[in-house]
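Let's take a friendly walk through a protein model, looking at its aromatic rings and one of its sheets. Keep the 3D view open as you read.

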Amino acid sequence: MGKMRSPRDGGRETDFTAYVRARQDSLTRFAYLVSADPETAKDLVQIALTKAYLRWDRICELDAPDAYIRRIIVNEHTSWWRPAWRRREVTSTPLVELSDRAAADGPTHDADLWAHIARLSPMQRAALVLRYYEDLSEAQTAEYLGCSIGSVKTHTSRAMDRLRSTLKEATA
Amino acid sequence: MMPVEPEETSLDPTEVRVLLLERAARVRVHGDFTPSALAGARRVRTRRVVVGSVAAALAVAIPFGVATLERGQTRTLPANRSSMGLSTALPPPRLITATATAGTPEGPIPVPYLQGGVLHLGSTRIPLSVEREDGFLSFATLEDGGVLYQRTGPNSEMLNLDAGPATFLDHDGRVVAERELAQTDTDGPGGLVTGVLPSGERAVFDASGALLRKFAPPETVGPADPTWMRALGEDVATNLQGPEPYLWLGDLGSGRSLTVLKGADRVADKSLAVHEGRSLVIEGTWNDTGIDCKYVLNYRTGQRLRSWCDRERQPLGFSPAGDWIYGMYPNRPGVWVERTTDGGRLMEITPDSATVARFWGDISAPTPDGRGVLVAVTGKDGTTVVASCTITTGTCRVLGEAPGKAAKGFLILPDNWGHRSGW
């Protein structure tokens, strides 16, 4: 997405609202892949957008506000420190849903693979999503994850090794 | 006949990419995230890094000469937090295992609690304005005999992150001020209240809610989010997370920078616990192998004292004297205690499987005298009790019973905050 126009042009809230409506689908899909859970994805997007609005004056000036918000999503999910008592309120109308195809998944290779991806550590899954879904370079991924390029290589290779291993065990 | 090994499973990145694209395409968003984001951003997000810990309210008062919170009574307060806790000679690092049981309590739970919208602080009753029973988030006692508390925000989907205004009550329980604050904290005596304003400015208030000053931390590379702000005696510290992490220490009086640590090699992602007297902070981060590491750091000098890199031991805080660290295990019930300087293990607390149904490890706390750890357990009869486990003896005794189901129990941190608990 290109550079946002200045809040002076249309009002901070108006700008932010326009951004959210344009980008929430994309951010939610990203959050779902990072977290492997639609409810968690909803929480992550809400947290990220709330934080973003607090800093909107500066974020909207960035060349890539999306990247900043995705980084918040990744950081929120990969942080090991999450309050044990965090409650999840289930609303009557879920904000994020998966299409019916997901519910109808039988025991297929793709369903197995996704189940194994969902069981990866948050960092490993985030590395796969950034590298293969977002198509980021190792250097870009390292910036997202706040780690070295070497760590990205390690997270990615270990994730793939683990997927191969668990698929092999399932086949055996 | 030799067994046939299954063929090596081939999986390449392209297959993963195709799968991720297909899974992403299944996501449907109904409605609009904007209202909740705007509402949440307008309110306080109080995010105390140190999890609530149990302390006997009267026991907190007595050793430090703090009077119980009788209305209008003047309190004598310690000079600074580093004096909290008696000087305890630690035993040599010989691991002691203590078992917490859900036994017969000695009396009612000696901690504050909220019931029916009324805050019970010892013999003092303070009506609070909360929209619903679970609308209370945290509180602190103030130097002038008043109370500072924060309600939850109306966004139920962000219940534990979204907070309402910080409300200041005087010693008669009257509302004297309300402030929109994030990262709210008080100094030990409760004479100063710090927090981040909606504008992003760091602010300091006195116990009446009057603004004393604002100050800004150093300019950062790219937008940075305050993840932590603490009043530390005469200083104030802020942890900022953006493209680079920062840890800024400033003079509370002037706002002058004292120390600025920056960069992932100096400052970690999360600040987990602080001991003001020893200028220590425990930070958490990820290392090259993906296992998160914890560092014990002097936040004034930037010196890293020691570190450990495993997912098993998650630190919760320091003892009152800062001579030991306690923490929990994320995947099993238990609390560990080890020496701050060298990690020598001192105590393990495990629940008695015969009597305990649930062990609330994440809301453990040091005893005010620094001789042990307080834990909360729920027995198989559904009763929640607070037990005190002593480091030198490895024995636990049940102190008190939590209030009834109508009450929302919460806990006092050693440095004056009370935080809603999980029971």
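Searching the whole structure of this predicted model turns up 5 aromatic pairs over all chains. A pair of aromatic rings is described by the distance of the centres and the angle of the planes. Here are two of the pairs:

| Pair | Centre to centre | Angle between planes | Arrangement |
|---|---|---|---|
| Tyr32(A) and Trp114(A) | 5.5 Å | 35° | tilted |
| Phe168(B) and Phe205(B) | 6.4 Å | 55° | tilted |

Where do Tyr32(A) and Trp114(A) lie? Tyr32(A) belongs to helix 2 (residues 12–35) of chain A and Trp114(A) to helix 7 (residues 109–118) of chain A, so their pair ties together parts that are 82 residues apart in sequence. Tyr32(A) and Trp114(A) are both buried.

In chain B, Phe168(B) sits in strand 9 (residues 163–169) and Phe205(B) in strand 13 (residues 202–206), and their pair links distant parts of the chain, 37 residues apart. Phe168(B) and Phe205(B) are buried too.

Arg304(B) lies over the face of Tyr295(B), 3.8 Å from the ring centre. The ring of Trp336(B) has the charged end of Arg313(B) over it, 5.7 Å from its centre.

Now for the sheet. Chain B has an open sheet of 5 strands in the order 2-26-25-24-23, with mixed pairing. Its edge strands, strand 2 (96–100) and strand 23 (314–318), each pair on one side only. On average, neighbouring strands of this sheet are turned by 25° against each other, direction ignored. Strand 2 of chain B pairs with strand 26 (residues 345–351) of chain B in the parallel sense, over 5 bridges. In strand 26 of chain B, Thr350(B) stands opposite Thr99(B).

Key
Residues numbered from 1 in each chain as written. Chains lettered and ligands numbered in written order. Predicted model: local features only at pLDDT ≥ 70, side-chain atom pairs only at ≥ 80, totals over all residues. Heavy atoms only, no water. Pairing = 2+ DSSP bridges. Helix = DSSP H or I, 4+ residues; strand = E, 2+ residues; numbered from the N terminus. Axes fitted to C-alpha atoms, helices over the stretch in contact; angles between N-to-C directions. Phe/Tyr/Trp six-rings, centres within 6.5 Å; stacked < 30°, edge-to-face > 60°. Buried < 20%, exposed > 50% of the residue type's maximum accessible area, 1.4 Å probe, protein only. Lys NZ or Arg CZ within 6 Å of the ring centre and 35° of its normal.
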